[in-house]
Amino acid sequence: MEVLSYTEVDRVEGEVGNFKVRLIKKPRYVLEDKCTGCATCVEYCPVKYPDPFNREISKNKAIHIYYAQAIPLVAYIDDSCRYLREGTCTACEAVCRNEAIDFSQEAEPLEIKVGAIVLAAGFEPYNPELRADYGYGKFANVVTSMDYERLLCSTGPYEGEVLRASDLKHPHKVAWIQCVGSRQVNPPGANSYCSSVCCTYTQKQVILTKDHDAGAECTVFHNDIRSFGKDFERFYARAENLPGVRFIRSYASVTKDDPHTGKVTVRYATNENGVQEEEFDMVVLSVGFNPPGDVKDLADKYGIELNEHGFCKINPFKPMETSRPGLFISGAFNGPLDIPESVVTASGAGSQCGELLNYRRGDLSVERFYPLERDVSEEEPRIGVFVCHCGANIGSVVDVPSIVEYALTLPNVVYAREQLFACATNSAKEITAMIREKGLNRVVVAACSPRTLEPLFRDTLREAGLNQYYYEMANIREHCSWIHAKEKAEATAKTRDIIRMSVARARLLEPLKEIDLPINKAALVVGGGIAGMTCALSIARQGHEVYLLEKERELGGVARRLHHTLEGMDVQEYLNDLVRDVYRHPLIRVFTKTTILEVTGYVGNFVTRVISEKGLSEIKHGATVIAIGADLFTP
Ligand SMILES: Cc1cc2nc3c(=O)[nH]c(=O)nc-3n(C[C@H](O)[C@H](O)[C@H](O)COP(=O)(O)OP(=O)(O)OC[C@H]3O[C@@H](n4cnc5c(N)ncnc54)[C@H](O)[C@@H]3O)c2cc1C
Ligand code: SF4
Ligand code: SF4
């Protein structure tokens, strides 16, 4: 996978299976292969300007890294640079030890050839400055929900402290106004649709605000709360039942602020009590989703159609396809989606590319080679301990420097250091370099949960020629700093205990060898409704055998009983096409009137025994998709 950041598409030519894409790589004035992300240049740069990443609440420098864990972790210079504007300065060039600054860079045209394109251009939060009745941009203590996300974040402008702009004090009484820019047709500039995620993200923000300040008073002014889906109603109940939290069904606007106290007045109307006014320390506007700002230009470049709202136009039965063959769509460019939904659509778009490009599968893949593993089994353990700040997630609670000193006193620890983000590219390189330089043969990383990052750190050991099982991870974030955020001394003491245990375990680690097992490349899909059939077809079109099991006599599921969608699409016609495609596909075997008797085996090698119209069968498969739908509640 090649990541081309700071790059825009200029033109797309050709057709499905054979596109020629012209790109413009913008000059970052920093050589990507030389910059190590050390940020020395940032320290010395004299130009400060409002940081767009932190919603312009805090300041950044003309040369900076977009955010602390950016990929690639490479600095770039933007147009506020004094040298670019006035021809003076070049301080960054003077201090960069890696000679990475290059002011001669120009926009570079590139051309790539691809068979399919996925558009994942996302969305832009609605700009409430378009509406005078919210006071955004006018009253210092009125922020958007996006601003508030940054305020809540440990890598945000105040390292996770929620402070208001007027006096940098903690707001104690906070109001949220829902549906800002959504579900409104007047005045122009607002959107008629529901942005679908703001009710839920507001509940999250209320819960997090109460985590920050248990005594905070939180009021949510809403039209109605839309908490559809599996768990969101429970989420709503959780937020609503917190002490000091009010959800008020009303129409609300911001009328004024008090320049002396910074308090903001919200005027709202309820059916019971008519129009009322109330003062708050801070007001958060729950802004909805707009299409990306440059969407018209984007549509022209890619030759795709947009819907009436400016999001990508799709066919409801083929929601990952744009109007141009070979161009797929994923995420919020589809319209408002939350993260899980974005991931679902992304997987769908990926599968559709897989179907289209199946004939070329593996053409571009290259094998990764690791250095030969050093045999350290006879050596005394030499343990390196890397303690992560995780921005302020750990560092603002746990006394990281004292932990590093403590680690150095533990048996067999020969090296210890702190890292701002252990998972950043430069930190991983640092671990690899230290393994080599200090002759480490065991590594402990004290950071977050191993669930996400353990594979990355194991890989780091392999890069240094060490068996990956000489690695131990100490979770000092989820198990310590997050849950003991208010007991800093105790959290530091507990971190010492966790690290002592990890080091003790690391001393006893032994190398392990991984073996490759053959994988059965057939898939089993359980359930022959729309989801099961679509999935079976997608897998088969990617060249794999599929066994499709249906408990009824016929495929189709609940959709058999539906006739038209709201958009007027003919469900039966669609279903019949799908069933026909399934039966015609040579790689799909359909089993109807099926009952599963037994499932054994493990990932890559399952055996499922079934009884169906074909009699008893034993199916061998590597993966299983369960698409058995849902039953309706019987009132
Ligand atoms: C305040 C707020 C809080 C939220 N909280 C949650 C939450 O708690 N849980 C949750 O599930 N969801 C939450 N969401 C929703 C979440 O942000 C979206 O679901 C998610 O970001 C959608 O991901 P995406 O990749 O489709 O779009 P985006 O996140 O918008 O990403 C699109 C990317 O494409 C890039 N791009 C745009 N145009 C181009 C172009 N022409 N060429 C190249 N690149 C381009 C953009 O720079 C961007 O990096 C929240 C949303 C908001 C506004
Ligand atoms: S040349 Fe530009 S980016 Fe470099 S230090 Fe000066 S102002 Fe900052
Ligand atoms: S999700 Fe909630 S806040 Fe957002 S537009 Fe819909 S109803 Fe309004």
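User: Which strand does Val118 lie in?
Analyst: Val118 lies in strand β8, residues 117-119, a strand being a DSSP run of E with at least two residues, numbered from the N terminus. This is a predicted model, in which local features need pLDDT of at least 70 and side-chain atom pairs count only at pLDDT 80 or more, whereas totals for chains, interfaces and linings use all residues. Residues are numbered from 1 along each chain as its sequence is written, ligands are numbered from 1 in the order in which they are written, and side-chain values use heavy atoms, with hydrogens and water left out.

User: Is Val118 buried, partly exposed or exposed?
Analyst: Val118 is partly exposed, at 37% relative accessible area, where buried means under 20%, exposed over 50% and partly exposed in between, with a 1.4 Å probe and protein chains only.

User: And what does Val118 touch?
Analyst: Leaving aside residues up to four places away in sequence, Val118 touches Phe328, Ile329, Ser330, Ala349 and Cys353, contact meaning heavy atoms within 4.5 Å.

User: Switching to the open sheet, what is the strand order?
Analyst: The order is β14-β15-β16 with antiparallel pairing, and two strands pair if DSSP finds at least two bridges between them. The edge strands, each pairing on one side only, are β14 (251-257) and β16 (274-280).

User: How many bridges join β15 and β16?
Analyst: Strand β15, residues 264-270, pairs with β16 over seven bridges, and Thr270 stands opposite Gly274 in β16.

User: Which residues are around ligand 3?
Analyst: Among them are Cys179, Arg183, Asp224 and Arg226.

Notes:
A residue is near a molecule or strand if one of its heavy atoms lies within 4 Å of it. Helices (H or I, at least four residues) and strands (E, at least two) are DSSP runs, numbered from the N terminus.
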